[in-house]
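Welcome! Please take a moment with the sequence and the 3D view before reading on.

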Amino acid sequence: MASMRDIKRRRTSIQGTQQITKAMKLVSTVKLQRARSNAEKSHNYFDTMYRTVCSILARVGESDHRYLKGNNSGRKAIVVITSNRGLAGGYNSNVVKLITSDPRFSKDDLDIYTIGNKGYEAFHRHGYNIVRNLPDIIEAPTYTDAMGLTNILLKSYEEGEIGEIYMAYTFFKNTVTHVPTLTKLLPISSVDEDSDGEPDKIDAMMNFEPGDEEALDWIIPKYISGQIHGALIEALASENGARMQAMDNATSNAEDMINDLTLKYNRARQGSITQELTEIIAGSQALND
Amino acid sequence: MDKFKVRIVTPERVFYEGEADMVEMNTTEGQIGCYPGHIPLTVIVKPGVLNIHENGEIKTAALHSGFAEILPDSFNILAETVEWKDEIDEERAKAAMERAKKRLESKTDIDDLERSRAETALQRAITRIDALK
């Protein structure tokens, strides 16, 4: 049995850790609230953008447009959004797993663009081809950042270096549920699977100025920027949500351990008192005899 | 007179939401003024002044890029950058215009990227100054 001093030292150390996890939990709660309200604000833009793009695609139908048709390159680009810092439970590894465990992707024809150092480290370790790491973006995502990345991606798409563009991020469903998601950005499949047919009524009569093709040229880059921006904001909210949960678990684990150790400490103390008493009594009895 | 719902959203926030009588803006096809009951139309924004006529009052903003979806009873603008007249700092806009002009004039050591950046900056500054007029 551990000595009283050992137990006490262990308990103090756990209390210290608990204070840290508690503080981290509070910090990520505040950050989560901010990130969530940002996510709600940007939702509007994203929804309208999505609807408009769907309506254009519904009108254009089968098109040879370069953003719809794709090119002959077999390489695929993946934008992976993770965090810069750890201690967020499975947040980062879940996103990474999404790609490493997908049979459609083979290590040799992937170009990885990581946003966030954790993703970079993981893919680097696995030996993937990382074209770029942009760790600063995730700290405070802006639309301009998303636009910059879109330009880089579209340029290599248009030059035929890559044929498909994907994005892996964590969708923020609610505070406790975060879903690692993989979406295809380009080429855009012309008919969307989950369109319910409802908005098509207006779409049929929608006119475009300038023509449909020019509108596609112009709107699709914006659409992709919008998607990336939306994903960044969702990912930031998920990161803080995941960290909050992880830290909450850590805090309550620490609490359990402290309780357990306190009990052990008290037992040890009681044991040592009992032992001392027995010794004294035994000693005095030995003198009387 | 009829009114329609006008909504301007940016990636960061809902910029404006309300009922208006008429909206004027600049598109790639030219200046348009749009009343309720317009045929469905999607247009691409060209940097310019945006005027929202609301109960005889005119709200002015500088609209830099984005696109607009016009329906008979609503008008949605998806703007990447837009700012109200009173959010614009005139001195700063003027200084930015001068700076951009100077950069464009010093032709010797300017690459394409820098040129397009300077042009965008100049365009922005001009739009801002126009909106203040």
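This is a predicted model: local features need pLDDT of at least 70, side-chain atom pairs count only at pLDDT 80 or more; totals for chains, interfaces and linings use all residues.

## The build of chain B

Chain B holds 8 strands and 2 helices.

Chain B has 133 residues, and 31% of them count as buried.

## Where chain B touches chain A

Now turn to the place where the two chains come together. Chain A brings 20 residues to the contact and chain B brings 21 residues. On the chain B side, strand 5 (41-44), strand 7 (57-71) and strand 8 (74-84) each supply at least two residues. Strand 5 of chain B gives the most, with 4 residues.

What kinds of residues make up the side of chain B that touches chain A? By class, there are 11 nonpolar, 5 polar and 5 charged residues.

## Strands that pair across the chains

Strand 5 of chain B also has a partner in the other chain: it pairs with strand 6 (residues 207-209) of chain A, in the parallel sense and over 3 bridges. To find this spot in the view, look for Asn207(A), which stands opposite Leu41(B) in strand 5 of chain B.

How values were computed. Residues are numbered from 1 along each chain as its sequence is written. Chains are lettered from A and ligands numbered from 1 in the order in which they are written. Two residues are in contact if their C-beta atoms, placed from the backbone, lie within 7 Å. Ala, Val, Leu, Ile, Met, Phe, Trp, Tyr, Cys and Pro count as nonpolar, Asp, Glu, Lys and Arg as charged, and the others, Gly among them, as polar. Two strands pair if DSSP finds at least two bridges between them. A residue is buried if 20 or more other C-beta atoms lie within 10 Å of its own, exposed if 12 or fewer, and partly exposed in between; C-beta atoms are placed from the backbone.
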